[in-house]
Amino acid sequence: MSQSTTLLEFHDVTKYFPIKKGILQRTVGNIKAVDGVNLKIKKGETIGIVGESGCGKSTVGRTMIRLYEPTRGKIIFKGQDISHLSESQLRNRIRKDIQMVFQDPFASLNPRKNLRSIIKEPLDTHHLFSAKERIEKVESLLDKVGLNPLLMNRYPHEFSGGQRQRIGIARALALNPELIIADEPVSALDVSIQAQIINLMQDLQEEFGLTYLFISHDLSVVKHISDRVGVMYLGKLMELADKDDLYSQPKHPYTDALLSSVPVLRNKGLMRERIVLQGDLPSPASPPSGCVFHTRCPVATEVCTKIIPEFKEIHKNHYVACHLYT
């Protein structure tokens, strides 16, 4: 499938969560979870989003699928602005095309429903196929994700974590979506099971022509599955590039520090020196002025404390928000 067609775009998307206090629950501030993110996802690619806990990467995914309402900005899906569609409009036009695989396979499945009901539910909701065809679809999906269709009458508690995540993937595939948002889909699994799920997702992508937004804090997993990788810090996208370019030649000081935490053995020696960031991650309720990373950046200058750097292309397909490249 061609990767030249843009499937989804973020234009200055912002998501703030209000901080409320007192008996009257007055708004006294905002958690700036996502703050002015610009992003394009091409059809057929996998774009990875990485960053520390609390950086806003999961909020990006949930805002993309409109589980969260954007505070500002536009979300364009297949040329249509979906930022302010009503729930009924989303259900009729968008929900079938964008699906999500959640982080916790133990919490994302209804324990009172068996596999047949869980996977068939999207088909029931959208009134697709006859009753017999829905059962056949469930059997086919279970087979696709490596589970025996004869198990469809069992309940989630009867399966391991890896098997439950396969069930979640089967449910996401039920409506033949174009885009799947995978929010930390393997972080709760053992390492050996992680590899199986990642390989399964790659096989399904090739078979069904899927596009993935893959959210993770694990740099090694993201490198394995992604075509491009975006790095987030405190609600902002700091760097975005092809994975080989980003991992071999990171341009942003924060990306460099993140990658330095991953040991790489070459010629029996560690090639990358560990960069230890000073200070704590600032609160998203009160982010620093200027570049949000300047309080921990080893190369920050005075301009970094005052002016927000522009997120711009410094090389072909390599975007950075840093004053070092102004």
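Trainee: What makes helix H9 (residues 253-260) count as mostly covered?

Mentor: In this predicted model, seven of the eight residues of H9 are buried. They are Pro253, Tyr254, Thr255, Ala257, Leu258, Leu259 and Ser260.

Trainee: Which elements do the buried residues of H9 pack against?

Mentor: They pack against helix H7 (219-225), strand E9 (228-233), E10 and helix H8 (243-248). Contact here requires heavy atoms within 4.5 Å.

Trainee: Leu234 is in the loop between E9 and E10. Why is Leu234 called buried?

Mentor: The cut-off for buried is under 20% relative accessible area. Leu234 has 4% relative accessibility, so it counts as buried. Leu234 also has a positive phi of about 50°, although it is not a glycine.

Trainee: Gln25 has a positive phi too, near 50°, and is not a glycine either. Where does Gln25 lie, and what makes it partly exposed?

Mentor: Gln25 lies in the loop between E1 and E2. Its relative accessible area is 45%.

Trainee: What makes E2 and E5 edge strands?

Mentor: The open sheet has four strands in the order E2-E1-E4-E5, with antiparallel pairing. Strand E2 (26-42) and strand E5 (80-81) each have a single partner strand, so one side of each is left without a neighbour in the sheet. Helix H1 (residues 57-64) lies across E1, E2 and strand E4 (72-77).

Trainee: How is H1 directed relative to E1?

Mentor: H1 runs at about 110° to E1. The range from 65 to 115 degrees is called roughly perpendicular, so that term applies to H1 and E1.

Trainee: Why is H3 called roughly parallel to H5?

Mentor: Helix H3 (residues 115-125) and helix H5 (residues 161-173) pack at an angle of about 30°, with their axes 7 Å apart. Angles under 35 degrees count as roughly parallel, so H3 is roughly parallel to H5. The crossing is right-handed. On the H3 side the contact is made by Leu115, Ile118, Ile119 and Pro122, and on the H5 side by Ile167, Ala170 and Arg171.

Trainee: Leu123 is also in H3. How do you know whether Leu123 is buried or exposed?

Mentor: Its relative accessible area is 0%. Buried means under 20%, so Leu123 is buried. Setting aside residues up to four places away in sequence, Leu123 touches Leu128, Phe129, Arg134, Lys137, Ala174 and Leu175.

Trainee: Arg134 is in helix H4 (residues 131-144). Why does Arg134 count as buried?

Mentor: Arg134 has 16% relative accessibility. The limit is 20%, and 16% is under it, so Arg134 counts as buried. With residues up to four places away in sequence left out, Arg134 touches Lys120, Leu123, Asp124, His127, Leu128 and Phe129.

Trainee: What makes E14 a partner of both E10 and E13?

Mentor: The requirement is at least two bridges. Strand E10 (residues 236-242) and strand E14 (residues 318-321) have two bridges, so they pair, in the antiparallel sense. Leu240 stands opposite Tyr319 in E14. Strand E13 (residues 311-315) and E14 have four bridges, also antiparallel. Phe311 stands opposite Ala321 in E14. E13 and E14 form a hairpin with two residues between the strands, and Asn317 takes a positive phi near 65° there.

Trainee: How many disulfides does the structure hold, and why is Cys55 in none?

Mentor: The structure holds zero disulfides. The closest cysteine sulfur to that of Cys55 is in Cys291, 14 Å away, whereas a disulfide needs sulfur atoms within 2.5 Å, so the two are too far apart for a bond.

Trainee: What about Cys291?

Mentor: The nearest cysteine sulfur to Cys291 is that of Cys304, 6.0 Å away. The cut-off is 2.5 Å, so Cys291 is in no disulfide. Cys55 is buried at 2% relative accessible area, and Cys291 counts as buried at 8%.

Key
Residues are numbered from 1 along each chain as its sequence is written. This is a predicted model: local features need pLDDT of at least 70, side-chain atom pairs count only at pLDDT 80 or more; totals for chains, interfaces and linings use all residues. Side-chain values use heavy atoms; hydrogens and water are left out. Buried means under 20% relative accessible area, exposed over 50%, partly exposed in between (1.4 Å probe, protein chains only). Axes are lines fitted to C-alpha atoms, for helices over the stretch in contact, and angles run from 0 to 180 degrees between N-to-C directions. Angles under 35 degrees count as roughly parallel, over 145 as roughly antiparallel, 65 to 115 as roughly perpendicular and the rest as oblique. A crossing is left-handed if the near helix is turned anticlockwise from the far one by less than a right angle, and right-handed if clockwise.
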